[in-house]
Amino acid sequence: MEKQAHFNIEDSQRLFIPERIERLPMTGFQRKCAAIIVIAWLFDTIDLGSMTFLLSTLKAEFQLTTTQAGLLGSMSFAGMFFGAMISGMAADKFGRLKTLQISMLLWGVSGLLCAMATNVEMLFVFRFLLGIGLGAELPVATAMLPELLPKTHRGRYVAIMEGLLPVGLIIAGLITYFVLPLVGWRWIFVIEAIPAFWLLVIRRKLPESPRWLESKGYTQQAEETMVMMEREVEARYGKPLPDFVKSGFNEEQSNKAPITELWSSLYWKRTLMLWIIWPFLLFGYYGLTTWLGSLLVEAGFTITTSITYIILITLGGIPGFLASSYLIEKVGRKPVASIAMVMTAVSAYLYGHAGNLTTLIIWGFLLQFFIYAMWSAVYAYTPELYPTRMRATGCGLSSAIGRVGALLGPFIVGIVLVNYGVGTVFTMGASTFLISAVAILLLGPETKGKVLEEVNH
């Protein structure tokens with residue numbers, strides 16, 4: 001690595017971190033870093049998905065009304081609102097690594113507390129705290145992962161990370177299916193809290209983002225981290241690294257507070273778009289998903305049978321996110337996201353109006369296919385729209401605003417379900433996806449094939 005030693009900080013005020021990351025060939029080192037973040041995300045999704053399968057059981061255990069059950073389903077999202085809002089700003093100020101570890105510790109401890117709840121009031125509080133931890137992880141992971149990868153791979157890996165939502169939901173369903181009849185719901189919360197120990201792997205094996213270090217003026221640490229990455233990659237690559245090309249797309253400094261800069265002339269359309277699509281998408285997604293199990297139980301199926309059908313339906317999400325992870329690098333973020341949103345709306349409407357079990361399963365499968373294709377594109381797209389100095393803040397606030405929709409979704413669906421029936425619930429859900437498609441088409445720039453700094457120049 002002597003060829004990199006000539007990059008003396010005294011020779012230039014720039015470390016050329018983006019260009020040096022872009023020229024790195026993909027090796028096991030970057031895949032390892034991505035896997036560490038992706039696995040942390042998977043654990044998050046398992047815990048988040050558990051309420052889909054436990055809501056009916058908890059409703060019976062604590063003798064809740066339908067409205068109260070909807071409120072319990074919303075408590076995690078209330079916590080996620082605060083977690084996402086705070087952690088995004090914290091990650092931009094104090095670093096991605098520290099914030100990611102703290103978020104995992106918080107949701108792990110809160111999961112154990114949920115298992116020990118003796119009344120529904122305690123469960124409400126602990127589920128809220130768990131939501132803070134879950135919500136805190138989202139903007140950090142989505143900001144950090146693309147900062148470590150070149151433009152040719154970042155969209156695909158972020159899409160795959162988001163695509164693990166159906167995998168996490170399936171795992172949560174399998175845990176519930178096998179554990180619930182044997183030892184009850186409390187042990188499910190215990191099992192889902194254990195993966196919080198993954199923070200020890202994060203602490204030892206994952207580097208801080210050199211882009212973030214440079215943006216905060218930590219030039220020595222940024223250079224050391226970048227050199228370490230270059231050495232790790234070169235060792236796996238087996239030959240000298242290619243030279244990088246000076247692009248001129250260095251990140252500009254700003255004296256504005258990140259929250260204020262979100263609405264500056266360069267970013268206001270992007271912010272407006274994200275603050276429209278995130279709450280509408282999360283309202284539709286969680287409003288429908290949280291109630292899938294209960295809707296099947298209300299249709300006359302047993303809890304065990306409904307879990308089986310949900311797992312079968314959710315399998316559609318796996319080819320959905322795989323297709324999206326491929327297409328966003330070939331076709332682009334905007335067309336994949338918008339088409340998936342429209343098809344999600346169509347599938348949701350037809351699922352809610354299915355006349356028999358066969359059509360229910362078919363349209364449910366397609367609903368999951370398109371909904372996870374949509375989310376994979378949106379998650380890959382969101383962090384690309386802001387520069388490093390405010391990336392996590394932008395992701396966090398978009399997610400936080402979105403949690404308002406996630407919070408209201410299960411609660412409002414519970415009310416609409418009682419008064420207007422299943423068909424109206426899914427018609428309402430379908431409309432949220434159509435509104436989001438219009439917003440992204442009108443307001444969003446395309447980011448495919450561009451260096452992060454180029455998108456925000």
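Student: Where does Arg-23 lie?

Tutor: Arg-23 sits in the loop between α2 (17–22) and α3 (28–61). Helices here are DSSP runs of H or I with at least four residues, strands are E runs of at least two, and both are numbered from the N terminus. Keep in mind that this is a predicted model: local features need pLDDT of at least 70, side-chain atom pairs count only at pLDDT 80 or more, and totals for chains, interfaces and linings use all residues. Residues are numbered from 1 along each chain as its sequence is written, and side-chain values use heavy atoms, with hydrogens and water left out.

Student: Is Arg-23 buried or exposed?

Tutor: Buried means under 20% relative accessible area, exposed means over 50%, and partly exposed is in between (1.4 Å probe, protein chains only). Arg-23 has 9% relative accessibility, so it counts as buried.

Student: Which side chain does Arg-23 join in a polar contact?

Tutor: A polar contact is a pair of N or O atoms within 3.5 Å; within protein, one must be able to donate a hydrogen and the other to accept it, and residues adjacent in sequence count only if both atoms are side-chain atoms. Here the side chains of Arg-23 and Glu-230 are joined by one of 2.8 Å.

Student: How many disulfides does a search of the whole structure find?

Tutor: A disulfide is a covalent bond between the sulfur atoms of two cysteines. The search looks for a pair of cysteine sulfur atoms within 2.5 Å, and it finds 0 in the whole structure. For Cys-33, the nearest cysteine sulfur is that of Cys-395, 19 Å away. Cys-33 is buried because its relative accessible area is 3%, and Cys-114 is buried too, at 0%.

Student: What does Pro-146 touch?

Tutor: Contact means heavy atoms within 4.5 Å. Not counting residues up to four places away in sequence, Pro-146 touches Ala-141, Arg-154, Val-158, Arg-211, Pro-383 and Leu-452. Pro-146 belongs to helix α6 (residues 120–147) and, at 1% relative accessibility, counts as buried.

Student: And Leu-100: which residues is it in contact with?

Tutor: Leaving aside neighbours within four places in sequence, Leu-100 is in contact with Glu-137, Val-140, Ile-202 and Leu-206. Leu-100 is part of helix α5 (residues 96–115), and its 1% relative accessibility makes it buried.

Student: Where is Val-346, and how accessible is it?

Tutor: Val-346 is in helix α17. With 37% relative accessibility, Val-346 counts as partly exposed.
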